[in-house]
Amino acid sequence: MSSANSVVNSIVPKIVDNIVMPLLGLLFFLTLLVFIWGLFGFFTGSEDATKRKEGQQHILWGVVGMFIMVCVYGILR
């Protein structure tokens with residue numbers, strides 16, 4: 001039983017460091033792009049209320065996504 005625990009304890013950190021953390025960085029980057037896309041849409045569509053509202057939604061979900069990614073990073077570390 002002890003050897004099974006040592007195998008799991010040696011594999012899990014490698015999976016987290018080599019797969020989960022880079023994937024988390026990619027997802028954070030994507031949410032940042034959504035946020036920036038929302039800012040762009042908000043400022044370029046300032047005369048159109050529907051484009052401005054769509055930009056606000058992108059900004060909101062970009063911030064929510066970044067918050068979730070930061071929380072997941074904090075939990076993993």
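These notebook entries follow a nonpolar surface patch and the aromatic pairs of this model.

Entry 1, ground rules. I am working with a predicted model, in which local features need pLDDT of at least 70, side-chain atom pairs count only at pLDDT 80 or more, and totals for chains, interfaces and linings use all residues. Residues are numbered from 1 along each chain as its sequence is written, and side-chain values use heavy atoms, with hydrogens and water left out.

I looked up a nonpolar surface patch, whose members include Leu 23, Phe 28, Ile 36 and Val 70 and which has about 840 Å² of accessible area together. Such patches are made of residues with over 30% relative accessible area and no salt bridge, nonpolar side chains (Val, Leu, Ile, Met, Phe, Trp, Tyr) being joined within 5 Å and like charges within 9 Å; a salt bridge is a side-chain nitrogen of Lys or Arg within 4 Å of a carboxyl oxygen of Asp or Glu. The areas come from the Shrake-Rupley method with a 1.4 Å probe, and for residues only the protein chains shown count as cover. Helix H1 (residues 2-44) gives the most to the patch, with 9 residues; helices (H or I, at least four residues) are DSSP runs, numbered from the N terminus.

I noted 2 aromatic pairs, for which ring centres must lie within 6.5 Å, with planes under 30 degrees apart counted as stacked, over 60 as edge-to-face and the rest as tilted. The rings of Trp 37 and Phe 40 have centres 6.4 Å apart and planes at 45°, so this pair is tilted. Phe 42 and Phe 43 form an edge-to-face pair, with 5.4 Å centre to centre and 75° between the planes.

How values were computed: Helices (H or I, at least four residues) and strands (E, at least two) are DSSP runs, numbered from the N terminus. Rings of Phe, Tyr and Trp (its six-membered ring) pair if their centres lie within 6.5 Å; planes under 30 degrees apart count as stacked, over 60 as edge-to-face and the rest as tilted.
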